[in-house]
Amino acid sequence: MLKTLYAKLALILFAVLLAIGLLHVLISQSATQRNLAKASQHFNRHLARNLVAERNLVSQGQLDQAALKETFEMYMTINPSIEIYLLARDGRILAYSAEPGKVKLTHVSLLPIQKFLRNDAQLPVLGDDPRGSAQGKIFSVTPVPSAESLEGYLYVVLLGEEYDALARLYQDSLLLRSSAWILAGSLLFGLLVGLLLFAQLTRRLRRLNRLMADFRARDFRSYHPYQAQPGGDEIEQLGDSFDQLAERMQALLTRLEAKDALRRKLVSNVSHDLRTPLACLHGYLQTLQLKRDELSAQQQTQYLNTALHHSERLGHLVGELFELAKLEAREIKPQKEPFPPAELIQDIAQKFQVPVQQKHIQLLVRFPEDAPFISADIGLLERVLENLLQNALNHTPENGRILLALSYRDNMVTLTVADTGCGIAPDALPFIFERFYRSAQDGSHHHAGLGLAIASHIVALHNSQLRVASQLNKGTCFAFNLPVWQAH
């Protein structure tokens, strides 16, 4: 039960209200006692002086000891809440109205007495309790026989031991009971109001928790949105973050599923591409081993040439795999230098003259005479253009055209390889730069797309991006930009 946020908040609220209630009782009790003492001392401020006058304690300028004794005895019986003491000039206790053995002190401090006798004294003024109590007592005092002829003081403790006993009895019964009921009622009311407010505040959190639990129960496949209010508080912001997170997770799961399906397809493709030449190579070599005496020299040469062709094909594929792995691991760093790209595309076009003629394909090369220099890795850039041309050659039918072009504008050089081949389906365009990808309409017998993946990574190493535009049965165009070299 205490594991829920609502229960924890309720427990904290109860503890805070209890502490506030107890503090209120203590402060109220202290303030009440102080105000009562102030009022009592103010009301009885001249009690000592009145006792001297009314009881004729001073006769002919001298303190009447007999009258003082009679006063002690009378007030012990009539008003036991006050205690009367006769003090010497130095504060020493000379006589008192209390019972013998009750008085513990022999001296009373004169500082409170002198403070009390000043006209500007701020009440209450607490003096020593001759009975030995550590708690100060309110009092009334007057000099005897007079201030002009000082022999001592008449010191009257207003709230004596009898009063303290009655006050404790009253507090232990009525005051404490009433305070307890008031405190309990206040706590209960505050607790109920606080619980209602906390329930309202945590309602949205509980709803968000249910939505998240439901999202988890559905294996993160679908969710009910929180639909946070714009410009809301932290809870609304948390709900909005949940909606964004859930939406993002669903998109990622969809992409992961697509990637997983593509991975399985790619594994199948690369397995086929590796297994086919390896099986052919093994088959021809095994045939040569088993039927070497039955085969003519011409047949042996033919078998060896075929095995060599499959070995070269297998080596080429493995080489591309290692090259792509190095590019993806950022182990290959381009060694940039300025050079004229027009000469590079002419050299590459010359390399492809024989295969394009064999396939009866027209290879067009276009570039401006004033083409500027660029700064790039010549070897890597040559690899990109060769892969793009080979890809175009593989997918362009006889009597088709391939264009290798260079143009520049706004200090940027654009290299383009376009063909009039079969084109690429729109749903396949996002994946053509993935390793081993082969589109559904690709009917060629060439191994699957490592060339485009390698080209894309090399272009990225030059801080550019390989772009593609294609239409089915209308051809494909690859292009990328490189900045013009600026001589310093």
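A charge patch joins like charges within 9 Å, using residues with over 30% relative accessible area and no salt bridge. This is a predicted model, where local features need pLDDT of at least 70, side-chain atom pairs count only at pLDDT 80 or more, and totals for chains, interfaces and linings use all residues. Residues are numbered from 1 along each chain as its sequence is written, and side-chain values use heavy atoms, without hydrogens and water.

**Surface charge**
- Arg203, Arg206, Arg207 and Arg210 form a patch of positive charge on the surface.
- A salt bridge here means a side-chain nitrogen of Lys or Arg within 4 Å of a carboxyl oxygen of Asp or Glu.
- Arg203 sits in helix 5, residues 161-217 (helices are DSSP runs of H or I, at least four residues; strands are runs of E, at least two).
- Arg203 is partly exposed because its relative accessibility is 41% (buried is under 20%, exposed over 50%, partly exposed in between, with a 1.4 Å probe and protein chains only).

**Strand 3: partners**
- Strand 7 (residues 150-157) pairs with strand 3 in the antiparallel sense over 6 bridges (pairing needs at least two DSSP bridges).
- In that pairing, Tyr153 of strand 7 stands opposite Leu87.
- Strand 4 (residues 93-96) is also antiparallel to strand 3, over 3 bridges.
- Tyr96 in strand 4 faces Tyr85 as its opposite residue.
- The hairpin of strands 3 and 4 has 4 residues between the strands, and Gly91 there takes a positive phi near 95 degrees.

How values were computed: Patch = residues over 30% accessible without salt bridge, like charges linked within 9 Å, V, L, I, M, F, W, Y side chains within 5 Å. Areas by Shrake-Rupley, 256 points an atom, 1.4 Å probe, with all protein chains shown as cover. Lys, Arg positive; Asp, Glu negative; His and termini not counted. Charge placed at Lys NZ, Arg CZ, Asp CG, Glu CD.
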